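The structure is shown first.

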Amino acid sequence: MSEYALNAFKWSALNRMSRPKSPAKRTAILEATLEVFAERGYAHTPTSAISKAAGVAEGTLFTYFDSKDELINELYCALRKEFDRELEGYPFDGDARARVRFIWDRFLRLARMQPQRLRVIKQLRASGRLYKEADAPTLTLSELLRSTKEAAEGERLKAVPPELLVILFRAQAEATVDYIAAHPGEEAAASEAGFFLFWRGLTGQ
């Protein structure tokens, strides 16, 4: 790289760093990313499509996110943290069953009201592009780790890592969501059956 080109690159990088960033524009980019991923899929979405949906220049997108990988990791973290806002009224002092059931019900409700969010978060988990830091425990995850481990009984289950119990919870909840989407008139019965199967497998009761 020539000295001129190197200086131009440094100036451009410094300009991006010093330019004030708008929280509203950052949120708009994340929301546009969610919508386009839900419609086209992560693998088929170039950053040009995201910037167009957000109503910003592609260069502006890279002012807020250094790369597509950083963008999807920020979106993944935002979607995970969003569920914590669903925990209003959570029974922190309740028994394990009450705690797990609360999260189960809120998970199914959020998936029903905003199905694109669950669809995209599943895409991102399967993308192979997530940073280890993106899976840092949220409040919801911490509570699931605590509650499922507390509820697990028997010598075999006591040795099971709590992380696996949470993955099993997620798989059962997502399967229930898929069934409800295909059979909307059976929501209440499907929710009860799905939770019963998970809880019985966890506790034997």
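Phe-37 is buried, with a relative accessible area of 0%. The model that gives this value is a predicted one.

**Phe-37 and Tyr-42**
- Tyr-42 is also buried, at a relative accessible area of 15%, which is below the 20% limit for that class.
- The ring centres of Phe-37 and Tyr-42 are 5.7 Å apart and the planes stand at 85°, so this pair is edge-to-face; the angle is over the 60 degrees that the class requires.
- Leaving aside neighbours within four places in sequence, Phe-37 is in contact with Tyr-42, Thr-45, Ile-50, Lys-68, Ile-72, Leu-75, Val-120, Gln-123 and Leu-124.
- Lys-68 has its charged end over the ring of Tyr-42, 4.8 Å from the ring centre.

- Phe-169 belongs to helix H10 (residues 162-182) and Phe-198 to helix H11 (residues 187-203), so their pairing ties together parts that are 29 residues apart in sequence.
- Phe-169 and Phe-198 are both buried.
- A cluster linked by ring pairs takes in Trp-104, Phe-169, Phe-195, Phe-198 and Trp-199.
- Over the face of Phe-195 lies Arg-101, at 4.8 Å from the ring centre.
- The structure has eight aromatic pairs in total.

**Nonpolar core**
- The largest nonpolar core holds 52 residues.
- Ile-29, Phe-37, Leu-75, Val-120, Leu-124 and Phe-169 have the most contacts inside this core.
- Helix H6 (residues 96-113) supplies the largest share of the core, with nine residues.
- In soluble globular proteins, nonpolar side chains tend to be buried together.

**Largest pocket**
- The volume of the largest pocket is about 720 Å³.
- Its lining comprises 26 residues, and those nearest the pocket centre are Tyr-76, Arg-80, Arg-125, Leu-141 and Arg-170.
- Two or more lining residues come from each of helix H5 (68-84), H6, helix H7 (115-126), helix H8 (139-151) and H10.

**Two further residues in helices**
- Thr-176 is in helix H10 and is buried, with a relative accessible area of 6%.
- Beyond its neighbours within four places in sequence, Thr-176 is in contact with Trp-104, Leu-108, Ala-190, Ser-191 and Gly-194.
- Arg-40 is in helix H2 (residues 23-40) and counts as partly exposed, at 40% relative accessibility.
- Arg-40 is in contact with Thr-45, Pro-46 and Ala-49, again leaving aside neighbours within four places in sequence.

**Overall fold**
- The secondary structure consists of eleven helices and zero strands.
- Buried residues make up 40% of the 205 residues in the protein.
- Of the contacts between residues at least 6 apart in sequence, 68% join residues at least 24 apart.

Definitions and conventions. Residues numbered from 1 in each chain as written. Predicted model: local features only at pLDDT ≥ 70, side-chain atom pairs only at ≥ 80, totals over all residues. Heavy atoms only, no water. Phe/Tyr/Trp six-rings, centres within 6.5 Å; stacked < 30°, edge-to-face > 60°. Buried < 20%, exposed > 50% of the residue type's maximum accessible area, 1.4 Å probe, protein only. Helix = DSSP H or I, 4+ residues; strand = E, 2+ residues; numbered from the N terminus. Lys NZ or Arg CZ within 6 Å of the ring centre and 35° of its normal. Core = buried A, V, L, I, M, F, W, Y, C linked by side-chain atoms within 4.5 Å. Contact = heavy atoms within 4.5 Å. 1 Å grid on protein atoms, 1.4 Å probe; cavity = no way out; pocket = protein on both sides within 12 Å on 5 of 7 lines; lining within 4 Å. Points joined across faces, edges and corners; volume = space filled by probe spheres on them.
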